Amino acid sequence: MDGCNVANVQPDLSGTFNGSESYMSEQLWKLCAGPLCHLPNLRDKVYYFPQGHIELVEAATREELNQIQSNFDLPSKLECRVISVRLKAEKNTDQVYAEITLIPDARQVVIPTQNDSQYRPKVNSFMKILTASDTSTHGGLSVPKRSATECLPPLDMAIPVPTQDILTKDLHDSVWKFKHSFRGTPQRHLLTTGWSAFITTKSLVAGDAFILLRGETGELRVGIRRARHQQGNITSPLVSTENMRHGVIASALHAFHNQCMFTVVFKPRSSQFIVNYDKFLDAVNNKFNVGSRFTMRFEAEDFSEKRYSGTIIGVGNFSPHWKDSEWRSLQVQWDELASFPRPEKVSPWEIEHIPSSSNVPQSSLLIKNKRSRHVNEIGSSSFSPHLLPPILTQNPEVVQPSMANEGGTSFRLFGVSLVVPFGKNESYQVQMQGVTVGRALDLSVLNGYDQLIHELEKLFDLPGELRSRNQWEMVFTDHEGDVVLMGDVPWLEFCNMVKKILICSKEEVNKLKSETNLPN
């Protein structure tokens, strides 16, 4: 994804970057953090969730986290004010983070005011996802023409090979020198000399993103964003497990009892454990019930924002050791596949209601037509599994399929038959293109598409290949013989429709799309 935009907005925080007040550095930090990062403003009233903060410690089990809470007897959330926001970057990884200083809500505290009259210069920027050619130590970075025109100093096109040296600074104020030229066949903008040292020092690989900003006075700044698959490969010395387990909780507890300041480390790609007070109230007042439809924003592999929709299938306090906790209090079922794992439980402020007028998921014409043939009639009326009677939305527990008379009318809830027990052993045939012997799979022991993909990758020895969807696509046939793209219907509805699962090459699926109504 290549893009160039102009940022000329009021900053939404009062912060410093390593002790300075550089507007360019602040804008670079935000681009490196990504569009889903929402930092609180100075003086904001917020809720701090220590429970969510501790979850960032991967080494701690759920039982250990609950034991920590029991020992300290800390509330599930603390009402606080934001005292300061300091923007930082890890020295060895360039991963951005913020140090946010909070104080348990004390209305007499005097918080410094922000200078709103400060001039905000225009900033041009572009971001490019690096290719294998870009990250080769023997090449250079190819810059799209429009991005080069708007974001790099102009070249003298009157000379045979337009060339110039440019100086940039990164998030640590380290200076990087690149040679910028316009050459090649066809001619294109390249950053060459100095680029190899940059990608080597930053440990950049294909899929990572390079960011460049240019200010009104010509000042240049550069930054990077790691690809999702890189996140687990680079260790961070920022916060140790021991500090997270004891230091964070102890400081929050001390601040809670003594009404004094404490500082937390906030990472953009982590959970939203600091939530604006008004946003929290709006979320809990929205009354997400069982059967509510919602959307949630995620960062896609190309760093763009993508929304996934789903259904609430459970509401309750799933953290019994944290009293009255709203943290991850909604159990969800996703409508479609994703190339990365998504949470099974979410917090109310992380999602948005889908209006009732559009409560049926948007999908292909083929799927809409199929669903119209699967409408279940009760007398002379019918209902969609996503448009539930009000009495059903009051149940705070996960809805389980009921057992009804085998000889009666077939009723369904969330696509699950209320006549046939869902938990029965159901084996389905899985066939892979080019493999003569199929495999049998019991869907009743699986709980979603992510687990299905994991099992299929193990069955056919395709580690990571089905999830990436670079070479293979999955489709299924139903009892009417129609071919449907995997993930285009909610999981439980899929379990009741599927008769055979097919793993096909992308070329074969494209051929099917051109010959049938299979959605693009």
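These are my notebook entries on a few places I looked up in this structure, which is a predicted model.

**Entry 1: strand β17**

I started with β17, which covers residues 330–334. I asked how many of its residues are buried. Five of the five are, so the strand is largely enclosed by the rest of the structure. I then sorted these residues by side. L330, V332 and W334 lie on one side, while Q331 and Q333 lie on the other. Both faces of β17 are therefore covered, since the residues on each side are all buried, which here means under 20% relative accessible area.

**Entry 2: the neighbours of β17**

Next I looked up the strands that pair with β17. Strand β16, residues 305–315, is joined to β17 by five bridges, and the two run antiparallel. I noted two of the facing positions: V315 stands opposite L330, and T311 has Q333 as its bridge partner. Strand β18, residues 345–346, is joined to β17 by two bridges, again antiparallel. Here L330 has V346 as its bridge partner. I wrote down L330 as a residue with a partner in β18, V346, and with V315 opposite.

**Entry 3: helix α9**

I moved on to α9, residues 449–459, and listed its buried residues: Y449, L452, I453, L456 and E457. Viewed down the helix axis, they fall within an arc of 135°, so they line one face of α9. The helix is followed by D461, which has a positive phi, near 55°.

**Entry 4: backbone points in loops**

I checked a few loops for backbone angles. The peptide bond from T185 to P186 is cis, with omega near -5°. P186 sits in the loop between β9 (175–183) and β10 (188–191).

R43 is not a glycine, yet its phi is positive, about 75°. I found R43 in the loop between α1 (23–33) and β3 (45–48). Is R43 buried or partly exposed? Its relative accessibility is 36%, so R43 counts as partly exposed.

S203 is also not a glycine and has a positive phi, about 55°. S203 belongs to the loop between α5 (195–202) and β11 (209–215). With 43% relative accessibility, S203 counts as partly exposed.

Definitions and conventions: Residues are numbered from 1 along each chain as its sequence is written. This is a predicted model: local features need pLDDT of at least 70, side-chain atom pairs count only at pLDDT 80 or more; totals for chains, interfaces and linings use all residues. Side-chain values use heavy atoms; hydrogens and water are left out. Buried means under 20% relative accessible area, exposed over 50%, partly exposed in between (1.4 Å probe, protein chains only). Helices (H or I, at least four residues) and strands (E, at least two) are DSSP runs, numbered from the N terminus. The arc is that of the directions from the helix axis to the C-beta atoms. Two strands pair if DSSP finds at least two bridges between them.
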